[in-house]
Amino acid sequence: GLVAMRGTFFFVRFRRGSAVALLAVALMTASEHVTQYMNEARPYGLMLGWTALVFLFWQRAGSITRSNLLPGILMAASATAGMATHYYFAVPLVAIGLAEIVRTFELRRINSIVLTGFMAPVVVLALMRPLWHGPRNAYVSGFWAKLKPSLLEIANVYGYFSDNLVLTGIILAFILAVFFTPAQRTVVSRRGYSLAELTAIVGLSLVPFIAFGLSALITKVYVPRYCLSLGVGLAAVLGFVFGETAGRRPGVILMIAVMFAGLGAFVQYRWTYERELARRDRIVQSIAECNLAAAGQSIVIEIATPDR
């Protein structure tokens, strides 16, 4: 989780400044399910972190004013590690790969270092194919989340990562941005995103569509957590939108960032609290079942707790 936040922060700060970068990170942590997978010891949080690093190092490797060898190596290493984590890491790589095609046309040259960075995870995927291809076919047949071809299925992914709390925060952020920004805006000069960078940001915001396509072609299963890299894209997009709405005024942007950071802290507290309740429930249930077993009795125990 920390890696994902730092990678997103430095990517956004490079073009939009520290205020918008802080806002983007705060937006990411305000999503309950993003926070959940950042904390759980499962591969999805790792995928999010590696996505942010590939995102960052891909940006730096495109520089034409300084050496891009080190960023290219770091990008290749991050992409390789991400693919070794979960084969659905191909989804954000497709989004950033499309952005690299745009950058190739922009600069009218092929960046061989970045191209190598994209090839490295492909090699890993090929080497790991025997490990997942056979078991996958047996596993998919009984998997609970079969792919359902519909736009509603894709829309549900955005709803999954943007619950009512986040949507309320977004509405309040727009109100604050408009209310506290004077009609005569003093625009802070800052280099804008290149077309390729905008393509990468928008591409990561559309990963549910990419994942849906890959699922239809290959796995035939589809669950929202496979699209967790959406958190990086939406954070960058919404940070950019709020920054522009607020006239790029750092004070207003930081105020919105503090609001989303507060939402993120509340989400983290709620998630931790509910996990602790669940842990206690399991302990109580285990003790009760052991006592009953010792007495030669058997009963199914269900414990209900608030908010779950």
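# Rings, burial and a core

Me: In this protein chain, take contacts between residues at least 6 apart in sequence: what share joins residues at least 24 apart?

Reply: That share is 82% in this predicted model.

Me: What makes up the secondary structure of the chain?

Reply: Helices, 13 of them, and zero strands. Read along the sequence, the pattern is α-α-α-α-α-α-α-α-α-α-α-α-α.

Me: How many aromatic pairs are there?

Reply: The count comes to seven aromatic pairs.

Me: Why is the pair of Phe 9 and Phe 10 called edge-to-face?

Reply: The ring centres of Phe 9 and Phe 10 are 5.3 Å apart, and a pair needs centres within 6.5 Å. The planes of these two rings stand at 80 degrees, and over 60 counts as edge-to-face. So the Phe 9 and Phe 10 pair is edge-to-face.

Me: And how do you know whether Phe 9 is buried or exposed?

Reply: Phe 9 has 16% relative accessibility, and buried means under 20%, so Phe 9 counts as buried.

Me: What do you call the pair of Tyr 193 and Phe 240, stacked, edge-to-face or tilted?

Reply: Their rings are 5.9 Å centre to centre, with 50 degrees between the planes. Stacked needs under 30 degrees and edge-to-face needs over 60, so this pair is tilted.

Me: What parts of the chain does that pair link?

Reply: Distant ones, 47 residues apart. Tyr 193 is in the loop between helix H9 (164-179) and helix H10 (195-205), while Phe 240 is in helix H12 (residues 230-245). As for burial, Tyr 193 is at 10% and counts as buried, whereas Phe 240 is at 28% and counts as partly exposed. Ring pairs also link Tyr 193 and Phe 240 with Phe 11 and Phe 55 into a cluster.

Me: How do you know that the charged end of Arg 60 is within range of the ring of Phe 14?

Reply: The charged end of Arg 60 is 4.3 Å from the centre of the Phe 14 ring, and sits over that ring. The distance cut-off is within 6 Å. Arg 103 sits over the ring of Trp 58 with its charged end 4.1 Å from the centre.

Me: Why does Glu 197 count as buried?

Reply: Glu 197 is at 2% relative accessibility, and the limit is under 20%, so Glu 197 counts as buried. Its place is in helix H10.

Me: Which residues have the most contacts inside the largest nonpolar core?

Reply: Among them are Val 12, Phe 55 and Trp 58, and the core has 76 residues. Helix H4 (residues 43-61) gives the largest share of this core, 11 residues. Nonpolar side chains tend to be buried together in soluble globular proteins.

Me: What share of the chain counts as buried?

Reply: Of the 308 residues, 46% count as buried.

How values were computed. Residues numbered from 1 in each chain as written. Predicted model: local features only at pLDDT ≥ 70, side-chain atom pairs only at ≥ 80, totals over all residues. Heavy atoms only, no water. Phe/Tyr/Trp six-rings, centres within 6.5 Å; stacked < 30°, edge-to-face > 60°. Buried < 20%, exposed > 50% of the residue type's maximum accessible area, 1.4 Å probe, protein only. Helix = DSSP H or I, 4+ residues; strand = E, 2+ residues; numbered from the N terminus. Lys NZ or Arg CZ within 6 Å of the ring centre and 35° of its normal. Core = buried A, V, L, I, M, F, W, Y, C linked by side-chain atoms within 4.5 Å. Contact = heavy atoms within 4.5 Å.
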